[in-house]
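Colleague: I have a chain on the screen and some questions about its fold. Can you take me through it?

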Amino acid sequence: MVWVCIGVGMLDTVNAIIQSIRYSVFTYALGINWVIVTLYVPALLVSSVLIFLVLLDSNRSSRTE
């Protein structure tokens, strides 16, 4: 289920970035939406990549602490 959520979330985020660049959204005044562009989107990308890397770690189930 986590794989599906990460996959759909990443596709949606990448699509939103592509559409924003395509329609030159950043040339317009964004108002308070600049918070989303400057804080939320980078945090979303970083956290998604980190979750993806944890899911790819094949040794995590065999570790003993």
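Modeller: One term before we start: contact means heavy atoms within 4.5 Å. Keep in mind that this is a predicted model.

Colleague: Which residues does W3 touch, not counting residues up to four places away in sequence?

Modeller: W3 sits in helix α1. Contact needs heavy atoms within 4.5 Å. Leaving out residues up to four places away in sequence, W3 touches F52, L55 and L56.

Colleague: Which helices does the pair link, and how many residues apart are W3 and F52?

Modeller: W3 belongs to helix α1 and F52 to helix α2. The pair links distant parts of the chain.

Colleague: Are W3 and F52 buried, exposed or partly exposed?

Modeller: Buried means under 20% relative accessible area, and exposed means over 50%. W3 has 43%. F52 has 35%. Both values fall in between, so W3 and F52 count as partly exposed.

Colleague: What separates the C-alpha atoms of W3 and I51, and those of V49 and I6?

Modeller: W3 and I51 are 48 residues apart along the chain, with their C-alpha atoms separated by 9.3 Å. V49, a residue of helix α2, is 43 residues from I6 along the chain. The C-alpha separation of V49 and I6 is 8.8 Å.

Colleague: Is S48 buried or exposed, and which residues is it in contact with beyond four places in sequence?

Modeller: S48 lies in helix α2. Its relative accessibility is 9%, under the 20% limit, so S48 counts as buried. Leaving aside neighbours within four places in sequence, the contacts of S48 are I6 and M10.

Colleague: And V49, is it buried, exposed or partly exposed?

Modeller: V49 is also placed in helix α2. Its relative accessibility is 41%, between the limits of 20% and 50%. That is why V49 counts as partly exposed.

Colleague: What percentage of the chain counts as buried?

Modeller: The accessible surface of the chain comes to about 5500 Å². Carbon and sulfur atoms hold 70% of that surface. Of the 65 residues, the buried share is 6%.

Colleague: Which helix gives the most to the lining of the largest pocket?

Modeller: The largest pocket holds about 230 Å³ of space. Its lining has 13 residues, with T13, A16, I17, I36 and V41 nearest the centre. By class, the lining has 9 nonpolar, 3 polar and 1 charged residues. With 6 residues, the helix that gives the most is α1.

Colleague: Where is S24, and what is its phi?

Modeller: S24 is in the loop between α1 and α2. At 36% relative accessibility, S24 counts as partly exposed. Its phi is positive, in a residue other than glycine. The phi of S24 is near 50°.

Methods:
Residues are numbered from 1 along each chain as its sequence is written. This is a predicted model: local features need pLDDT of at least 70, side-chain atom pairs count only at pLDDT 80 or more; totals for chains, interfaces and linings use all residues. Side-chain values use heavy atoms; hydrogens and water are left out. On a 1 Å grid over the protein atoms alone, a cavity is a set of points where a 1.4 Å probe fits but cannot get out, and a pocket is an open set with protein on both sides within 12 Å along at least five of seven lines; lining residues have an atom within 4 Å of a point. Grid points are joined across faces, edges and corners, and a volume is the space filled by probe spheres set on the points. Helices (H or I, at least four residues) and strands (E, at least two) are DSSP runs, numbered from the N terminus. Ala, Val, Leu, Ile, Met, Phe, Trp, Tyr, Cys and Pro count as nonpolar, Asp, Glu, Lys and Arg as charged, and the others, Gly among them, as polar. Buried means under 20% relative accessible area, exposed over 50%, partly exposed in between (1.4 Å probe, protein chains only). Accessible areas come from the Shrake-Rupley method with a 1.4 Å probe; for residues, only the protein chains shown count as cover.
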